[in-house]
Amino acid sequence: MIITIIFVLLSFLSLAAVVFLTHGRTESPANHANLRKEISPLDIEAFRNLIDYREEEFLRENLEPADFRLVQRERLLAAAEYIRCASRNAAILHSFGESARRSENPSVAAAGNKLANSAIQFRLNALRAIVIIYAATVIPGASIRRIRIAEGYDRMTSLVVLLGCLQFEKPAAYASAAPQLST
Amino acid sequence: MTPWLRLPFYCLWFGPRVVQIIILFLLIKRGLYREVPIFAAYTAFSLCKFIVLVVLNYYVIDHAAYFRWYSLGLGISTALRIGIICEIFTHVFAAHAALRNIQTPLFRWTAVSFLIVAFVFAAYTNPSTTDPTWFNVHLLERSANIVLAGLILVLFLFSQYLRLSWSRLVFGIALGLGVLCSLELAFAAIRSQIGTSAHAALDLVDMGTYQCCVLIWLAYVLLPERSPAHVPADVPENDLELWNNEIRNLLRQ
């Protein structure tokens, strides 16, 4: 009987989750001007510095092990925060890309498609990177060298600018979003 | 069955079929069956199953025969529902080149994970005092609904995280199926436990749920697809030097 009760509860939870997850999808597309305001500037160089293994080696050599672990943990948590912020930006750029890919202009549609795909790829990589970073905070000595986030972000920024250029004759919001992406 | 339950019972038994005939007609008329062939097959199969069960119900007195056909129909229907989810995965993922490589592994591993969960729960479920055939059929139905509801939930979670765009028709099918599988999970769990007692009341709720789901499907079949979004007009803050630099970088890659 307990299993039955568990399943009844699980089924209602599942129903609530389906309704919750599908709720926003029927609403009208977000206003791009408002979305642009939600983009948070990101200091890419500072982020590169945080995940640079040479920096890590330098700190390891010059700090006491206990101090190093403490500093490294702080650095990793800061890097995770950067990635989360970049991931939120990527989600916004994905919306721009999705709108552009439905454009009647083939060049704009192609650029929009590229931007949407880059943003998806970036968010997948960001998810993986966050898992690696949190694992590294728990497991001392775990390497974060495999993280390739900054390059993806640069590429995405370039695509936003390209999209802006393609829209030059039909003015758009995208290009003006690009300078805000990184500082 | 009490007389006052008879009318809602027949309304809920026949009602979804009328809606499904309309859905099938619209799918064929608009050529949408090419877009969602398994969903069209499922709708057609549901109608065929209904006809067979009505004939058995009125002309064959043997309840065991009815239950055998019902169980066979349930099995085929579950297989078609898995096919529909596979179809939804393909529609959602195919639109994004970045996701093509993870479509099959995500579907496969999610299904395998939920299948393991379903088998573990099935192994730990004590057989109730009800008819063993009844118990086993509903235990299988419960297990199938765990996998189906799990797959749909993971798909919605994944697409919510990545903010993937869906076509309206595919979204409606997924929504209806998600609601149906979630609630049928509860109904199958209760049925396997309590047997045929309260069967009529449960049947009414189950059929009411099915009616709601086919109405969701009908609504999304009737809804026109979104027209291409207009490129937002905004006054550009052009920085030609920045643009040139970025394009130069892009060409160098």
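**View 1. Ala174(B) and its contacts in a predicted model.** Ala174(B) touches Ile88(B), Ile152(B) and Leu155(B), leaving aside residues up to four places away in sequence. Two residues are in contact if their C-beta atoms, placed from the backbone, lie within 7 Å. This is a predicted model, in which local features need pLDDT of at least 70, side-chain atom pairs count only at pLDDT 80 or more, and totals for chains, interfaces and linings use all residues. Residues are numbered from 1 along each chain as its sequence is written, while chains are lettered from A and ligands numbered from 1 in the order in which they are written.

**View 2. The largest nonpolar core.** This core has 80 residues. Those that touch the most other members are Ala79(A), Ile88(B), Ile152(B), Ile173(B), Ala174(B) and Leu185(B). Helix α6 (residues 168-194) of chain B gives the most, with 17 residues. A nonpolar core is a set of buried Ala, Val, Leu, Ile, Met, Phe, Trp, Tyr and Cys residues joined through C-beta atoms within 7 Å. Buried means 20 or more other C-beta atoms within 10 Å of a residue's own; exposed means 12 or fewer; partly exposed is in between, with C-beta atoms placed from the backbone. In soluble globular proteins, nonpolar side chains tend to be buried together.

**View 3. Chain B as a whole.** Chain B has eight helices and zero strands. Helices (H or I, at least four residues) and strands (E, at least two) are DSSP runs, numbered from the N terminus. Of the 253 residues in chain B, 32% are buried. Take the contacts in chain B between residues at least 6 apart in sequence: 80% of them join residues at least 24 apart.

**View 4. Helix α3 of chain B.** This helix covers residues 63-94. Its 32 residues should span 46 Å at 1.5 Å a residue, and its end C-alpha atoms are 46 Å apart, which agrees. The expected span is 1.5 Å times one less than the number of residues. The buried residues of α3(B) are Arg81(B), Ile84(B), Ile85(B), Ile88(B), Phe89(B), Val92(B) and Phe93(B). They pack against α2 (37-59), α4 (100-123), α5 (132-162) and α6 of chain B.

**View 5. Where α3(B) meets α6(B).** The two helices pack at an angle of about 140°, with their axes 10 Å apart. Axes are lines fitted to C-alpha atoms, for helices over the stretch in contact, and angles run from 0 to 180 degrees between N-to-C directions. α3(B) and α6(B) are therefore oblique to each other. Angles under 35 degrees count as roughly parallel, over 145 as roughly antiparallel, 65 to 115 as roughly perpendicular and the rest as oblique. From α3(B), the contact uses Arg81(B), Ile84(B), Ile88(B), His91(B) and Val92(B). From α6(B), it uses Val170(B), Ile173(B), Ala174(B) and Leu177(B).

**View 6. The end of α5(B).** Helix α5(B) has 31 residues and reaches 45 Å from its first C-alpha to its last, close to the 45 Å expected at 1.5 Å a residue. Arg163(B) follows α5(B). This residue lies in the loop between α5 and α6 of chain B. Arg163(B) is not a glycine, yet has a positive phi of about 50°. With 19 C-beta neighbours inside 10 Å, Arg163(B) counts as partly exposed.

**View 7. A helix pair in chain A.** Helix α5 (residues 65-101) and helix α6 (residues 106-138) of chain A pack at about 160°, with their axes 8 Å apart. That makes α5(A) roughly antiparallel to α6(A). Leu124(A) lies in helix α6 of chain A. The C-alpha atoms of Leu124(A) and Ser87(A) are separated by 9.0 Å, though the residues are 37 apart along the chain.
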